[in-house]
Amino acid sequence: MEQRLSLITLGVRDLAASTAFYERLGWRRSMNHLDGVSFFQAGGIVFGLYPRDKLAEDAGIADDGAGFAGMALAYNTRAREDVDTVLAAAVAAGATLLKAAEEAVWGGYSGYFADPDGFAWEVAWNPGFAIAEDGSIRLPD
């Protein structure tokens, strides 16, 4: 298996509402002709939204989980001050602020919001992670 991530799909309760939330954040939907799923190009990967019950069925697992999913998605900013701007934009778009931005023990600055389905997003500025013009991050050796 090659070391890469191709697609992240979130199982959501209300596809239209979740799609509208990400569009309010300024994300542009791709492949608009498809019904029942929403795709967004996110740098070198695809970010997808799919009805939660159908995603669980597709994976062959029960849809009985609630609360913290044991993971967080992350959005890194190019500048420290952008963290507060992105968190405010997310809340204005319908997110719930989970943790206000603060200095991080690893030397950066970060906070968290939850999207309408409760998925946690960290918004972070990390001075050790340079962001290329295309939005990609290359880890230092």
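User: How many helices and strands does the protein chain have?

Analyst: The model, which is predicted, shows 3 helices and 8 strands in the protein chain. Read from the N terminus, the elements follow the order β-α-β-β-β-α-β-α-β-β-β.

User: What makes the protein chain as compact as a globular protein of its length?

Analyst: The globule rule gives 14 Å for 141 residues, and the radius of gyration of the protein chain is close to that at 16 Å, so the chain is as compact as a globular protein of that length. The C-alpha trace spans about 40 × 35 × 30 Å along its principal axes. Of the contacts with a separation of 6 or more, 48% are between residues 24 or more positions apart.

User: What share of the residues counts as buried, and how much accessible surface does the protein chain have?

Analyst: Buried residues make up 31% of the 141 in the protein chain. The accessible surface comes to about 9,100 Å², and carbon and sulfur atoms hold 53% of it.

User: How many aromatic pairs are counted, and why is the pair of W27 and F40 given its class?

Analyst: The count comes to 12 aromatic pairs. For W27 and F40, the ring centres are 5.9 Å apart and the planes stand at 75 degrees. Pairing requires centres within 6.5 Å, and an angle over 60 degrees counts as edge-to-face; the pair is therefore edge-to-face.

User: What makes this pair a tie between parts of the chain?

Analyst: W27 belongs to the loop between α1 (15-24) and β2 (29-30), whereas F40 is in strand β3 (residues 38-42), so the pair ties together parts that are 13 residues apart in sequence. Ring pairs also link W27 and F40 with F21, Y22, F47, F113 and W121 into a cluster.

User: Are W27 and F40 buried or exposed, and how do you know?

Analyst: Buried means under 20% relative accessible area, and exposed means over 50%. W27 has 23% and therefore counts as partly exposed. F40 has 1%, so this residue is buried.

User: Which side of α1 is buried, and how do you know that its buried residues share that side?

Analyst: The buried residues of α1 are L15, S18, T19, F21 and Y22. Their arc around the axis is only 155 degrees, which puts them on the same side of α1. A16 and R24, on the other side of the helix, are exposed. As a general point, an α-helix has 3.6 residues a turn, so residues three or four places apart point the same way.

User: Why is F47 called buried, and what does F47 touch?

Analyst: F47, in strand β4 (residues 45-51), has a relative accessible area of 3%, which is under the 20% cut-off, so F47 is buried. Beyond residues up to four places away in sequence, F47 touches L7, I8, L10, Y22, W27, S38, F39, F40, A42, L73 and W121.

User: Why is A90 assigned to its accessibility class, and where is A90 placed?

Analyst: A90 is in helix α3 (residues 80-93). Its relative accessibility is 0%, so A90 counts as buried. Apart from neighbours within four places in sequence, A90 is in contact with F21, L25, A95 and F113. From A90 to E103, 13 residues apart in sequence, the C-alpha to C-alpha distance is 20 Å.

Conventions
Residues are numbered from 1 along each chain as its sequence is written. This is a predicted model: local features need pLDDT of at least 70, side-chain atom pairs count only at pLDDT 80 or more; totals for chains, interfaces and linings use all residues. Side-chain values use heavy atoms; hydrogens and water are left out. Rings of Phe, Tyr and Trp (its six-membered ring) pair if their centres lie within 6.5 Å; planes under 30 degrees apart count as stacked, over 60 as edge-to-face and the rest as tilted. Helices (H or I, at least four residues) and strands (E, at least two) are DSSP runs, numbered from the N terminus. Buried means under 20% relative accessible area, exposed over 50%, partly exposed in between (1.4 Å probe, protein chains only). The radius of gyration is taken over C-alpha atoms; the globule rule is 2.2 Å times the number of residues to the power 0.38. Contact means heavy atoms within 4.5 Å. Accessible areas come from the Shrake-Rupley method with a 1.4 Å probe; for residues, only the protein chains shown count as cover. The arc is that of the directions from the helix axis to the C-beta atoms.
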